[in-house]
Amino acid sequence: MEKLKIAGGYPLKGTVRISGAKNSAVALIPATILADSPVTIEGLPDISDVQILKALLEEIGGKVEFANNEMTVDPSSMISMPLPNGKVKKLRASYYLMGAMLGRFNKAVIGLPGGCYLGPRPIDQHIKGFEALGAKVTNEQGAIYLRADELKGARIYLDVVSVGATINIMLAAVRAKGRTIIENAAKEPEIIDVATLLTNMGAKIKGAGTDVIRIDGVDRLHGCRHTIIPDRIEAGTYLILGAAVGEGILIDNVIPNHLESLIAKLREMGVQIESGDDQVFVAPAEKLKAVDIKTLVYPGFPTDLQQPFTSLLTKAEGTSVVTDTIYSARFKHIDELRRMNANIKVEGRSAIVNGPVRLQGAKVKASDLRAGAALVIAGLMAEGITEITGIEHIDRGYSHLVEKLNGLGATVWREDLSQEEKEQMENA
Ligand code: EPU
């Protein structure tokens with residue numbers, strides 16, 4: 001087990017290249033199960049979630065090669081092996097194995113997913129979709145059992161706009177008999193990416209990226225080659241970092257349209273940003289104004305950037321209010337930021353940030369992935385040394401973080417945890 005150490009307070013400058021999107025990758029990899037010949041995905045990020053999914057596909061008999069960010073999955077010899085325990089519990093997105101295995105084998109047994117604790121994260125809408133397609137779904141001792149004689153297309157209205165449910169229902173429906181219509185579907189770019197892969201595999205999908213998706217089931221799906229979209233949340237994290245401690249940072253391999261809400265908010269704070277085709281430049285920011293943000297489904301302000309953005313707001317003049325309408329408890333980073341001298345209080349679903357303050361280095365703990373990103377930004381802003389434990393959360397989603405930050409001129413390194421720290425982590 002390791003911790004991250006950051007010598008803060010130095011300005012960063014230069015170019016950072018964004019990796020493939022984590023939240024696409026974790027759906028694209030399970031989607032390969034639906035094909036009958038090899039599928040290659042280019043541009044995957046080097047993150048632990050990708051490694052875990054690779055191991056899970058191998059567990060069910062897939063042949064997987066992964067090198068230079070390119071994964072080839074030969075799904076032809078996969079079997080419908082139950083996965084009630086073990087690695088499935090390590091990541092939230094293992095729920096995509098439900099839709100993909102149900103779609104291919106008409107049955108699946110998958111342990112209830114783990115991942116970041118952000119408050120209650122039910123999967124009732126996924127299950128509603130599977131049942132509408134004809135599956136019998138039961139929950140037995142912490143694992144979901146799905147079984148269908150045959151999957152049949154259906155009209156499914158999502159009561160909650162859900163990225164995971166939208167993708168999972170697409171996965172289960174692409175080989176079902178007849179037409180499926182998903183109404184009130186989520187519109188995130190990752191959904192379009194998964195639909196593009198499935199279409200390249202031979203699926204018939206219309207409307208991905210809108211709130212009504214129509215899927216006409218096909219008998220078989222074949223192999224193909226697909227390039228993943230860049231990670232808008234990783235790009236957004238570097239944009240925020242650029243506004244916080246940058247002396248001119250160019251973010252390369254990004255789709256600026258995917259970040260419109262963040263860019264608009266940064267401009268409102270007084271940050272100068274120039275967008276190109278696949279690059280965004282953040283100019284050094286002088287004085288930052290306080291702003292309010294409210295997280296919403298895409299194209300609103302992403303909940304995944306709420307935590308990193310809060311670190312930036314500690315530097316802004318005035319009072320900012322951050323409201324998370326997607327996850328009620330995504331505020332675990334706040335106590336840690338307070339240890340670093342931030343003036344923030346949480347009231348219900350909102351964090352109220354008073355600034356500007358000069359953050360001070362401290363020993364802090366990342367409780368989840370984006371809380372970790374928030375603490376990294378805070379550590380770079382702070383005076384002195386910041387030590388972050390719980391970095392396995394950060395490694396789930398940020399590819400080559402230390403190398404990328406040091407490439408911009410930061411002083412960031414990993415160190416093994418001391419025996420005492422290991423015991424503290426184990427007892428936490
Ligand atoms: N919800 C339900 N029932 C469901 C599904 C969702 O009530 O069946 C609720 C959730 O509790 C939440 C809201 O609907 O309040 C939205 O959840 P959604 O299903 O869209 O989230 P998700 O698919 O589980 C993905 C990302 C998250 C990101 C959210 C929202 C992946 C693997 N995860 O989660 O990413 O925060 O969408 O955009 O794609 C992260 O990257 O750090 C992360 C947590």
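Is Arg414 buried, partly exposed or exposed? Arg414 is partly exposed, with a relative accessible area of 34%; buried means under 20% relative accessible area, exposed over 50%, and partly exposed in between (1.4 Å probe, protein chains only). The legends below describe a predicted model, in which local features need pLDDT of at least 70 and side-chain atom pairs count only at pLDDT 80 or more, while totals for chains, interfaces and linings use all residues. Residues are numbered from 1 along each chain as its sequence is written, and side-chain values use heavy atoms, with hydrogens and water left out.

**Figure 1. Salt bridges of Arg414 with Glu2 and Asp395.** A salt bridge is a side-chain nitrogen of Lys or Arg within 4 Å of a carboxyl oxygen of Asp or Glu. Glu2 and Arg414 form such a pair, with their closest N and O atoms 3.3 Å apart. Glu2 lies in strand 1 (residues 2-8) and Arg414 in strand 23 (residues 411-416), so this pair ties together parts that are 412 residues apart in sequence. Strands (E, at least two residues) and helices (H or I, at least four) are DSSP runs, numbered from the N terminus. Glu2 is partly exposed, at a relative accessible area of 33%. Arg414 also meets Asp395 in a salt bridge, at 2.8 Å from N to O. Asp395 lies in helix 12 (residues 391-395) and Arg414 in strand 23, so the two joined parts are 19 residues apart in sequence. Asp395 is partly exposed, with a relative accessible area of 24%.

**Figure 2. The salt bridge between Lys5 and Glu387.** The side chains of these two residues meet at 3.8 Å, N to O. Lys5 lies in strand 1 and Glu387 in strand 22 (residues 384-389), so the pair ties together parts that are 382 residues apart in sequence. Both Lys5 and Glu387 are buried. The structure as a whole holds 25 salt bridges.

**Figure 3. The largest cavity and its lining.** Rolling a probe the size of a water molecule over the atoms shows where empty space is left. On a 1 Å grid over the protein atoms alone, a cavity is a set of points where a 1.4 Å probe fits but cannot get out, and a pocket is an open set with protein on both sides within 12 Å along at least five of seven lines; lining residues have an atom within 4 Å of a point. Grid points are joined across faces, edges and corners, and a volume is the space filled by probe spheres set on the points. The count comes to one cavity of 30 Å³ or more, and the largest cavity has a volume of about 40 Å³. Its lining consists of Thr237, Tyr238, Leu241, Ala373, Val376, Ile394, Tyr398, Leu401 and Leu405. Helix 7 (232-245), helix 11 (369-381) and helix 13 (401-407) each supply at least two of the lining residues, and the largest share, three residues, comes from helix 7. The lining divides into eight nonpolar residues, one polar and no charged. Here Ala, Val, Leu, Ile, Met, Phe, Trp, Tyr, Cys and Pro count as nonpolar, Asp, Glu, Lys and Arg as charged, and the others, Gly among them, as polar.

**Figure 4. The largest pocket.** The largest pocket has a volume of about 1000 Å³. Its lining has 49 residues, of which Arg121, Val163, Gly164, Ile326 and Tyr327 lie nearest the centre. Among the elements that give two or more residues to this lining are helix 1 (22-31), helix 4 (124-132) and helix 5 (163-173). The lining residues divide into 23 nonpolar, 12 polar and 14 charged.

**Figure 5. Cis peptide bonds and positive phi angles.** Most residues other than glycine have a negative phi, and most peptide bonds are trans. A cis peptide bond joins Tyr298 and Pro299, with omega about 10 degrees, and Pro299 lies in the loop between strand 17 (293-295) and helix 9 (303-313). Another cis bond, with omega about 0 degrees, joins Gly355 and Pro356. Asn69 is not a glycine, yet has a positive phi of about 65 degrees; Asn69 is found in the loop between strand 4 (63-67) and strand 5 (70-74). Asn341, also not a glycine, has a positive phi of about 90 degrees and lies in the loop between helix 10 (332-339) and strand 19 (343-347).
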